[in-house]
Amino acid sequence: MSQNFMSAKETAKYLNMSVPWVYREAARAGLIPYRFGSGRNAKLQFKVAEVQAWVKQQRSSGG
């Protein structure tokens, strides 16, 4: 895991969710994806601090 960003796979593992869930539902759930590159080779990544804050918020709101 890089210092600032984690891949979709790393994010899924951190959240104990599936990789397809990360691609389909993460943005709807409130996680902000960052796309590096374009087209089919684009890499979807998430800021580590934002994922950690999102988890903390989910814990606080019960949901």
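The paragraphs below go through the helices, the nonpolar core and a few single residues of a predicted model.

Helix H1 covers residues 8-15 and helix H2 covers residues 19-29. Their axes lie 8 Å apart and meet at an angle of about 100°. Angles of 65 to 115 degrees count as roughly perpendicular, and H1 and H2 are therefore roughly perpendicular to each other. On the H1 side the contact is made by Ala8, Lys9, Thr11, Ala12 and Leu15, and on the H2 side by Val19, Trp21, Val22 and Tyr23. Sorted by class, this contact has seven nonpolar residues, one polar residue and one charged residue.

The buried residues of H1 are Ala8, Thr11, Ala12 and Leu15. Viewed down the axis of H1, these buried residues fall within an arc of 100°, so they line one face of the helix. The face of H1 turned away from the buried side carries the exposed residues Lys9 and Lys13. The cover over the buried residues of H1 includes strand S1 (5-7), H2, S3 and H3.

Thr11, in helix H1, counts as buried because its relative accessibility is 0%. Not counting residues up to four places away in sequence, Thr11 touches Met6, Val22, Phe46 and Val51. Tyr14 also belongs to helix H1, but Tyr14 is partly exposed, with a relative accessible area of 39%. Apart from neighbours within four places in sequence, Tyr14 is in contact with Met6, Val51, Gln52 and Val55. The C-alpha atoms of Tyr14 and Gln52 are 9.2 Å apart, although 38 residues separate the two along the chain.

Asn16 takes a positive phi of about 60°, and Asn16 is a residue other than glycine. With a relative accessible area of 69%, Asn16 is exposed.

Trp21, Val22 and Ala26 are the buried residues of H2. Seen down the axis of H2, they fall within an arc of 90°, so they line one face of the helix. The exposed residues Tyr23, Arg24 and Arg28 are carried on the face of H2 turned away from its buried side. Among the elements that cover the buried residues of H2 are H1, strand S3 (43-47) and helix H3 (48-61). Just after H2, Gly30 takes a positive phi of about 110°.

In soluble globular proteins, nonpolar side chains tend to be buried together. In this model the largest nonpolar core has 13 residues. Those with the most contacts inside this core are Leu15, Trp21, Val22, Ala26, Leu31, Phe46 and Val51. H1, H2, S3 and H3 are the elements that give two or more residues to the core. Leu15 touches Trp21, Leu31, Val51, Trp54 and Val55, with residues up to four places away in sequence not counted.

Ile32 is in the loop between H2 and strand S2 (34-36). At 47% relative accessibility, Ile32 counts as partly exposed. Leaving aside neighbours within four places in sequence, Ile32 is in contact with Gln45, Phe46 and Glu50. The C-alpha atoms of Ile32 and Trp54, 22 residues apart along the chain, are separated by 9.7 Å. Ala49 is in helix H3 and counts as exposed, at 54% relative accessibility. Between the C-alpha atoms of Ala49 and Met6 the separation is 10.0 Å, and the two residues are 43 residues apart in sequence.

Key:
Residues numbered from 1 in each chain as written. Predicted model: local features only at pLDDT ≥ 70, side-chain atom pairs only at ≥ 80, totals over all residues. Heavy atoms only, no water. Axes fitted to C-alpha atoms, helices over the stretch in contact; angles between N-to-C directions. Helix = DSSP H or I, 4+ residues; strand = E, 2+ residues; numbered from the N terminus. Parallel < 35°, antiparallel > 145°, perpendicular 65-115°, else oblique. Contact = heavy atoms within 4.5 Å. Nonpolar A, V, L, I, M, F, W, Y, C, P; charged D, E, K, R; others polar. Buried < 20%, exposed > 50% of the residue type's maximum accessible area, 1.4 Å probe, protein only. Arc of directions from axis to C-beta. Core = buried A, V, L, I, M, F, W, Y, C linked by side-chain atoms within 4.5 Å.
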